[in-house]
Amino acid sequence: MNDYRYDYQTVQGFILSAMFWGVVGILLGLLISVQLWAPAANFAPYLTYGRLRPVHTNGLIFGLGAGAIFGLFYYITMRLCKRPLLFPRLARVQLWLFNAGIVAAAVSLLLGQTQSLEYAELEWPLDLAIVVLWVMLAVNVFGTILKRREEQMYVSLWYIVATVITIAILYIVNNLAVPVSLGKSYPLFAGVNSANVQWWYGHNAVGFLLTTPILAMFYYFLPKSTGLPIYSHRLSIVAFWSLIFAYLWTGAHHLVYTPLPDWIQTLAIVFTMFLIAPSWGSVVNGYYTVGQDWTTMRSNYLTKFFILGITFYGLQTVQGPTQGLRVVSQLIHFTDWVPGHVHMGTMGWVTMIICASIYYVVPRINGTELYSEKLANVHFWLVLVGQLLFSITMWITGIRQGWMWKATDEAGKLKYTFMDGVIGNYPYWHTRTLAGIIFAAGMVVFVYNVLMTIRKGKAAQAAAGSAPTTVAA
Amino acid sequence: MSESSIYRKPVAFAVLATVVVLAGTIVTMAYPMLRPELHPKVEGLKPLSPLELAGRDVYQREGCVNCHTQTVRPLKSEVVRYKGNRAPEPSGQYSLAGEFAYDHPFLWGSKRTGPDLAFEGWIKPSKDWHYAHFEDPQKVVPRSNMPKYAFLRGNALEAAKVQASMRGLRTLGVPYGDADLAAVPAAVEGKTEMDALVAYTVSLGKAVNRAAAGGGDVDLEAPNPFATDVAAIAKGKTLFDANACSACHGDEAQGQEGVAPNLIDDQFLGASPDLPDAAYFAMIKGGSDAKKALGRPGVPDGGMAAFGGDLSDDDIWAIVAWLRNQKAHEAAEGHPGGH
């Protein structure tokens, strides 16, 4: 039983699950984007914006994100360790538990069971389930690495190890709580301390669920797809250690001008500025890798996914630190600028790299070629246009809103009411929904393409009457 | 490439990576937790009442934090917008760390799709306004994008649930005593989640004094709770006399030329039209300083004293009730008070 074929089916199970939850999460994103400009689209009590927004964020971070992480981590680990998973059955159990967990999580959030901590909304029974899932991942990844058949650990494995360790620490600490019922608990920490712990978690959840795992994929699948070796191994080393060191200091940049002590804010801002360097270490490494042969941008449909993905990572990691500065934060914090920023990262970087990785993996698992490169190109342009329209729209209205909140006359009286600012958002919120539709259309094309590829592989196997061949690492 | 052998030793690598991520974790998260500055408490901070706590649970359940922040930043325009500038102490103008000591967890939020609510108890103390607003936000605030929460009216509170919440918070150090727990059934009897949410909303920001020195926190839509209460009207007359109001405004509040205005004609502060009861309330409570908030010129510099320090809100409303009754009485008699 313990062979690549069995494990690859598990990998593909995670990939398909991630795609399914990704589509659900994106459709919910569309619904809540409509609710912002059409309050009649709220259906109390279960389908209000307040309850649905966490389903959207958790569905995409834990459904799409963690699903893809589980599947692609296993794939990468097997390839880089030159052996199947150490515990193949455990991974299969994990796959089913994962899907059951996401269903339970969605239901609990719709019931209003929430800790009110961003990206840590899930109540304690689900927190326990997530810890179990993560331990399963850790056992399999570490076990497989320890029994590896390739002595040197490649960069992607460093990022995988760092991800597994750091998420465990973050998640457990931030979810410590006293339960009062099955669906309700009170977090251990209170007030300003609770804010500090939450954003230490919140920012590093972004760092270690939406950055380091994606870098693990990037460092593995970019060279694999293009046939070009990573430009600088030394740069990979420097970028890795400085990134995982600096990230953990920066959470309080989410709390600029709040009652959190100034020294914690300032320290966070300083480290946030520093974080540009390791982030751009990987950006530069990516560019110079493809720079060895730019013609692959034309000849290989996957190269542009990786290059645009790392470009948005680069923009994200300059925009983010800029937002951390007090002078910028005072204007854009709490406005729609912030969802614009977040969605550049999630739509432009995270999803772009995950999709490209899946495009690489699925044909190989199924012993076939991609169903349609043309559709992959359609997918690429749709998600690119959708994401840019989304982000740029939100940046514009965020700045507008921030200025309206601040505008005062000579006497120090406010020029605009809060509602003036809300009403000004409506045209931009309409545009954002349109952008979401374009993005969602792109993702539907992606899903279709992947499903047809699997079908093509099955048809080929049936015709040949044999097992799929495994492409060598 | 002559890299160190750590990339061949997964255990050593994992240990080193752990140490590296723990550095920032310890300095910015764990160590601050040991410092008193992360556990401040403003003087006189009280835990939420059972009804307010039940309201906070509803606030959490409905995900209000997704659209509303609860922290006013020390920025000039923000302090003005959320009326922190009324606070007598400069430090009360924005949110203070010590206000949130019993907030498990903090509910500062990260997005203002709707306005900040940190000072809501001062800005909009009118419960009636909040009931109407939760019921149908667009009726009160046209073009608002807030969902309707009318369904909360149909959900009765359960004392046992509120007690469980209080016990949970007590283990975390929130000072709820046995007597507080015992008082829960009476406090939530016949109350709905709507009552709870309104009570919580108007409790926000009240741990620090942000009252306008001049009663400028008037909500002109606030109705007089004793408008037609006969006992209150009688009490109002007594208070009117006891506080020497008649010395300036006349025995029957008909005013005295050049001293103080008539309070029972169709004018207020020297201009037409008359203003609602809440305006009279504000003037009595805050004195002449309240005039600016009411947008009336009145006599330059004014002469009305602030009685907010001497009279309870109920007493002031009683006086207003008497004034209004007096006015109706005069109108029925057909001889308006002299100018």
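The model is predicted, so to speak of local features takes pLDDT of at least 70 and side-chain atom pairs count only at pLDDT 80 or more, while totals for chains, interfaces and linings use all residues. Residues are numbered from 1 along each chain as its sequence is written, with chains lettered from A and ligands numbered from 1 in the order in which they are written.

**Chain A overall**
- Chain A has 16 helices and two strands, taken as DSSP runs (helices H or I, at least four residues; strands E, at least two) numbered from the N terminus.
- Its radius of gyration, over C-alpha atoms, is 22 Å, close to the 23 Å from the globule rule for 473 residues, so chain A is as compact as a globular protein of that length. That rule is 2.2 Å times the number of residues to the power 0.38.
- Buried residues (20 or more other C-beta atoms within 10 Å of their own, C-beta atoms being placed from the backbone) make up 58% of chain A.

**Where the chains meet**
- The contact (C-beta atoms, placed from the backbone, within 7 Å) takes 74 residues from chain A and 71 residues from chain B.
- On the chain B side, α1(B) supplies the largest share, 15 residues.

Definitions and conventions. A residue is buried if 20 or more other C-beta atoms lie within 10 Å of its own, exposed if 12 or fewer, and partly exposed in between; C-beta atoms are placed from the backbone. Two residues are in contact if their C-beta atoms, placed from the backbone, lie within 7 Å.
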